[in-house]
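Dear colleague,

I am handing over the structure below, together with an account of what was found in it. Please look through it before reading on.

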Amino acid sequence: MGSFRQETLNGNTHDGSRAALYQVDPPSLYAGRVKPKADKMLAALLLVLCAPILLSCMAVVRVFIGSPVIFRQQRVGLGGRTFELLKLRTMIPDRRTGAESGYSGPERRVTHKSPADPRVLPVGAVLRALRLDELPQLWNVITGDMSLVGPRPEIPEIVDDYEDWQHARHTVKPGITGLWQVEAPPGRLMHECTELDLQYIDDLSLRTDLEILLRTPLVAFRRQGY
């Protein structure tokens, strides 16, 4: 991809201010032109092929968890700008406060993706274990907010605490899967693995993306890397 350079960009970031971001110049032919088109075509194909599974999962969530079936959350993506990430609901309603269960919940950085998180309902735990809760993000890829492979998008509250160098992960679109998912040791959280994101950006190529895509199902079903 090339070397990183830091510059201040015009435009609003997730907090409405100007932010020091990093850009990689110049992008390769694959990263700049081939990957975006391939992402959308493959995501559309996968969405069609997975439609029966997705619709079945949505019905299960509706029966056992309730409405709304799709959970929407603001995440930070390309250029530090926010977008609405889609997932199947897996947690109790009002999961930030635990209002329906009386659970006040520990800090998200500690509980993120933890199998022991009491906010996750039994049906939701199964969906998470099989990574089926991520299927709606294929639509995020089709709309151009995400890529199939890239750094996982973080929530604005965590990005607010980033050091300047960590914003380099926002020079590419966030992904449904990425190097963190397949390389990080079990138990390592996303914000602790920014170096892997930067390694991915430096090595971004068709071969790198294919290797990550091929490794993701095996790692996911072993319940590692997420």
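At what angle do helix α1 and helix α2 pack, and how far apart are their axes? Before the answer, a word on the source: this is a predicted model, in which local features need pLDDT of at least 70 and side-chain atom pairs count only at pLDDT 80 or more, while totals for chains, interfaces and linings use all residues. Residues are numbered from 1 along each chain as its sequence is written, and side-chain values use heavy atoms, with hydrogens and water left out.

The two helices, α1 (residues 29-49) and α2 (residues 51-64), pack at an angle of about 60°, and their axes are 4 Å apart. That makes α1 oblique to α2, given that angles under 35 degrees count as roughly parallel, over 145 as roughly antiparallel, 65 to 115 as roughly perpendicular and the rest as oblique. Axes here are lines fitted to C-alpha atoms, for helices over the stretch in contact, and angles run from 0 to 180 degrees between N-to-C directions. Leu47, Val48 and Leu49 of α1 meet Ala51, Pro52 and Leu54 of α2, where contact means heavy atoms within 4.5 Å. By class, this contact of α1 with α2 has six nonpolar residues, no polar and no charged ones (Ala, Val, Leu, Ile, Met, Phe, Trp, Tyr, Cys and Pro count as nonpolar, Asp, Glu, Lys and Arg as charged, and the others, Gly among them, as polar).

As for the chain overall, its secondary structure comes to nine helices and six strands, which are DSSP runs numbered from the N terminus (helices H or I, at least four residues; strands E, at least two). Of its 226 residues, 48% count as buried, a term that means under 20% relative accessible area, with exposed over 50% and partly exposed in between (1.4 Å probe, protein chains only).

The largest nonpolar core has 36 residues, and those with the most contacts inside it are Leu88, Leu148 and Tyr200; such a core is a set of buried Ala, Val, Leu, Ile, Met, Phe, Trp, Tyr and Cys residues joined through side-chain atoms within 4.5 Å. Among the elements that each supply at least two residues of this core are α1, α2, β4 (82-88) and α9 (206-221). Apart from it lies another core, of five residues, including Ile155 and Tyr162. Not counting residues up to four places away in sequence, Tyr200 touches Lys35, Val149, Gly150, Pro151, Leu179, Thr208, Asp209 and Ile212.

Helix α4 (residues 122-129) holds glycine 124, which counts as buried at 0% relative accessibility. Leaving aside neighbours within four places in sequence, glycine 124 is in contact with Ile65 and Thr90. The buried residues of α4 are Gly124, Leu127, Arg128 and Ala129, and what covers them includes α2 and α9. Just after α4, arginine 131 takes a positive phi of about 65°; arginine 131 lies in the loop between α4 and α5 and, at 14% relative accessibility, counts as buried. Its C-alpha atom is 6.9 Å from that of alanine 220, although arginine 131 and alanine 220 are 89 residues apart in sequence.

Finally, on confidence: the chain averages a pLDDT (the predictor's confidence in each residue, from 0 to 100) of 81, and 75% of the residues score at least 70. Over residues 2-12, however, the pLDDT is below 50, and over residues 15-21 pLDDT stays under 50.

Best regards
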